[in-house]
Amino acid sequence: MLTLDALAGLSQADVVVHDALVDRRVLALAGPQARLEFAGKRGGRPSAEQDDISNRLIELARAGKRVLRLKGGDPCVFGRGGEEALALKAAGVPFRIIPGVTAGLAGLTAAAIPATLRGINRAIILAAGYGADQDGVDWGALARTGQPIVLYMAMRNLAKIADELMRGGLPPTTPAAIVVSATMVDERIVLSTLDRVAADAQAHQLGAPSIIVIGNIVSVRERLIDAVHMAESEAAR
Ligand SMILES: C[S@@+](CC[C@H](N)C(=O)[O-])C[C@H]1O[C@@H](n2cnc3c(N)ncnc32)[C@H](O)[C@@H]1O
């Protein structure tokens with residue numbers, strides 16, 4: 001899912017400062033001159049503080065390096081790309097922001113779940129599920145839109161979010177899917193319903209990185225999947 005613009009950045013960079021969600025096959029595309037620096041922030045692992053990462057980017061740029069800050073998906077979708085760009089701007093460091101393909105959309109398409117389909121939805125909601133116990137997302141209000149909801153970083157709070165969506169009026173039978181490691185070699189897709197999705201995630205021992213999609217678009221997958229399988233087995237021949 002790498003964009004060609006990011007690929008050009010990889011081949012030109014002196015230093016690639018990357019996070020944990022970047023596939024090692026992508027890192028292997030860096031030019032021979034490039035030094036790889038890990039600056040990941042991921043639950044359970046030693047994580048660099050956000051200010052440290054921004055300061056490191058500024059330090060490298062001021063040392064005359066051409067720096068690529070490489071993240072999974074799109075840098076500005078729950079990726080702190082905006083925050084880092086603001087820090088560079090404040091420091092007077094020139095930069096460009098390269099778009100990526102966000103997991104919440106690529107992950108759906110890869111799982112044969114169309115993000116939009118005429119007659120089913122005319123909007124799609126991308127929401128972060130971390131901190132759902134303290135933050136101000138009004139899950140009931142999102143439920144009342146009737147539009148599909150794609151959750152990032154939501155595994156820990158999934159039971160609570162699902163409850164609030166049902167209290168907000170979404171039927172317990174609303175189709176749901178969990179897409180783990182979307183577009184990667186260990187991709188997994190588990191189909192469920194809103195009332196069971198948290199229990200199913202636990203039963204299948206699903207972890208990060210995962211997106212969860214809740215809404216009637218999920219059931220379109222059943223109508224597509226035979227054709228997808230057929231094309232995959234033909235491609236493998
Ligand atoms: C810090 S956010 C970064 C999102 C990223 N900037 C993007 O646009 O996809 C990390 C979360 O994105 C989702 N995610 C990222 N890559 C994923 C993948 N390959 N498969 C499923 N979910 C993914 C997961 O919810 C993960 O916890």
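The exercises below concern the ligand shell and the domain arrangement of a predicted model.

In this predicted model, local features require pLDDT of at least 70 and side-chain atom pairs count only at pLDDT 80 or more, whereas totals for chains, interfaces and linings use all residues. Residues are numbered from 1 along each chain as its sequence is written, and side-chain values use heavy atoms, with hydrogens and water left out.

**Exercise 1.** Determine which residues come nearest to the ligand, and describe the shell by class.

*Solution.* Step 2: sorted by class, the shell holds 11 nonpolar, six polar and one charged residues. Here Ala, Val, Leu, Ile, Met, Phe, Trp, Tyr, Cys and Pro count as nonpolar, Asp, Glu, Lys and Arg as charged, and the others, Gly among them, as polar.

**Exercise 2.** Identify backbone atoms that lie 2.8 Å from ligand atoms, and state how much of the ligand is buried.

*Solution.* Step 1: for nitrogen atoms of the ligand, a backbone N or O atom of Asp74 lies at 2.8 Å, and a polar backbone atom of Val77 is also 2.8 Å from a ligand nitrogen. Step 2: an oxygen atom of the ligand has a backbone N or O atom of Ala103 at 2.8 Å. Step 3: the ligand alone exposes 570 Å² (Shrake-Rupley method, 1.4 Å probe), of which the protein buries 87%.

**Exercise 3.** Explain where the ligand lies relative to the domains, and characterise the contact between them.

*Solution.* Step 1: the domain assignment (automatic or from a database) gives domain 1 (4-91) and domain 2 (103-224). Step 2: the ligand lies between the domains, because both give residues to its shell. Step 3: the domain centres, taken over C-alpha atoms, are 28 Å apart. The contact (heavy atoms within 4.5 Å) takes six residues from domain 1 and 10 residues from domain 2.

Technical notes: Near = heavy atom within 4 Å. Polar contact = N/O pair within 3.5 Å; in protein donor to acceptor, adjacent residues only side chain to side chain.
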